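Student: I am new to this structure. Can you walk me through reading a few of its features?
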Amino acid sequence: MIDNTLPAISPASIAQRIIAGGEITREEALTLIELEDQADIMDLISAANRVRRHFKGDKIHLCSIVNAKAGACSEDCKFCAQSARYNTDAPVYKFMEWEKIEPHALEAQKNGAQALGIVTAWKGLKEGPLLDEVCDRIEKLSKTGVRADASLGILENQEVADKLARAGLKCCNHNLETAEDFFGEICSTHTYEDRIRTLGYLRKAGIKLCSGGIFGMGETRGQRVTLAFALREQEVFIVPMNFLNPIGGTPLGDRPPLAPYEILKTIAVFRLILPRQEIMVAGGREVNLRDLQPMIFPAGASALMVGNYLTTSGQNAEKDLQMIRDLGLDPQWGTIHG
């Protein structure tokens with residue numbers, strides 16, 4: 001029997017409240033993420049679209065990365081093909097010399113990009129020769145006119161973050177990955193608190209925070225909401241939303257994919273919780289969303305990872321650009337909107 005004693009939650013009214021300067025409550029977010037009826041989900045998507053347009057307009061931020069150190073990582077993150085603990089076909093090579101990174105910077109410039117992310121597969125950075133090498137690459141990348149971004153793992157202390165900032169690092173990715181109470185299910189070689197501490201070092205150094213997660217690893221819908229509120233508390237600037245692309249040989253290699261409407265609903269709820277942040281859809285979108293990829297923008301996404309990912313291929317960049325323009329949106333390479 002349907003309980004009609006509780007008032008229905010209206011996504012449209014929540015969107016109006018957010019646009020007026022208010023916030024969605026955790027209880028409301030938990031209700032919305034449990035929606036099952038397609039018509040209700042479309043109402044949610046419409047509300048998220050209004051919030052996106054109010055805070056972000058019709059500009060879509062585009063980002064690219066280079067896998068500057070691949071494979072042989074000591075950590076045991078169950079989703080990652082680059083862990084040395086799993087038998088995968090992922091490439092393995094040492095930290096790139098500048099001569100190998102420079103062509104990626106030049107290609108980024110050619111495509112109109114203003115930023116390139118240097119990504120490394122290792123536990124993290126401490127003071128020493130490797131940090132000096134990383135700072136050297138960041139300094140040289142900055143001199144090309146391309147904004148130097150990076151994803152460098154766990155930082156040992158504040159001095160490491162400060163040195164990266166002095167080298168010219170403007171924005172650093174360090175994903176929380178999932179809710180705190182699920183984190184132990186996907187990684188045992190470092191903790192959720194290690195990641196929170198790293199975000200604190202970066203924030204104090206004046207480096208913009210890029211932090212999000214991976215969805216479809218077995219977490220509950222409620223844990224997805226918990227992650228979104230944790231990211232809001234951390235004052236992150238860009239929120240990458242990755243959707244598990246199961247890789248054979250990893251412990252999550254046989255996970256079933258998330259349904260497209262489940263993904264769109266999750267993006268929409270994140271937009272309502274994080275109205276001012278750049279919501280960036282990244283890894284796994286092609287495999288999981290297929291022909292519904294264009295719907296990520298009405299669902300609230302304001303940014304897109306284009307080109308290849310770390311160990312998997314992405315959709316052709318020109319196809320992405322056409323997809324964005326077909327929706328009447330304006331692709332902006334590397335232009336971060338406050």
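Student: Which residues does E177 touch, not counting residues up to four places away in sequence?

Tutor: Bear in mind that this is a predicted model. E177 touches F79, F183, I186, R195, G212, G213, I214, M217 and L227.

Student: Where is E177 found?

Tutor: In the loop between β7 and α7.

Student: Is E177 buried or exposed?

Tutor: Buried means under 20% relative accessible area. E177 has 8%, so E177 is buried. The side chains of E177 and R195 are also joined by a polar contact of 3.5 Å.

Student: What about H174? Where does H174 lie?

Tutor: H174 lies in the loop between β7 (171–173) and α7 (180–183). H174 is buried, with a relative accessible area of 4%. Its side chain reaches the backbone oxygen of G153 at 3.4 Å. Leaving out residues up to four places away in sequence, H174 touches several residues, among them R195, L199 and C210.

Student: How are two packed helices described?

Tutor: By the angle between their axes and the distance between the axes. Here, take helix α9 (residues 221–233) and helix α10 (residues 260–273). Their axes come within 10 Å and cross at roughly 30°. Angles under 35 degrees count as roughly parallel, so α9 is roughly parallel to α10. The crossing of α9 and α10 is right-handed.

Student: Which residues make the contact?

Tutor: On α9, they include V225, A228 and L231. On α10, they include E262, V269 and I273. By class, the contact of α9 with α10 has eight nonpolar, one polar and five charged residues.

Definitions and conventions
Residues are numbered from 1 along each chain as its sequence is written. This is a predicted model: local features need pLDDT of at least 70, side-chain atom pairs count only at pLDDT 80 or more; totals for chains, interfaces and linings use all residues. Side-chain values use heavy atoms; hydrogens and water are left out. Axes are lines fitted to C-alpha atoms, for helices over the stretch in contact, and angles run from 0 to 180 degrees between N-to-C directions. Helices (H or I, at least four residues) and strands (E, at least two) are DSSP runs, numbered from the N terminus. Angles under 35 degrees count as roughly parallel, over 145 as roughly antiparallel, 65 to 115 as roughly perpendicular and the rest as oblique. A crossing is left-handed if the near helix is turned anticlockwise from the far one by less than a right angle, and right-handed if clockwise. Contact means heavy atoms within 4.5 Å. Ala, Val, Leu, Ile, Met, Phe, Trp, Tyr, Cys and Pro count as nonpolar, Asp, Glu, Lys and Arg as charged, and the others, Gly among them, as polar. Buried means under 20% relative accessible area, exposed over 50%, partly exposed in between (1.4 Å probe, protein chains only). A polar contact is a pair of N or O atoms within 3.5 Å; within protein, one must be able to donate a hydrogen and the other to accept it, and residues adjacent in sequence count only if both atoms are side-chain atoms.
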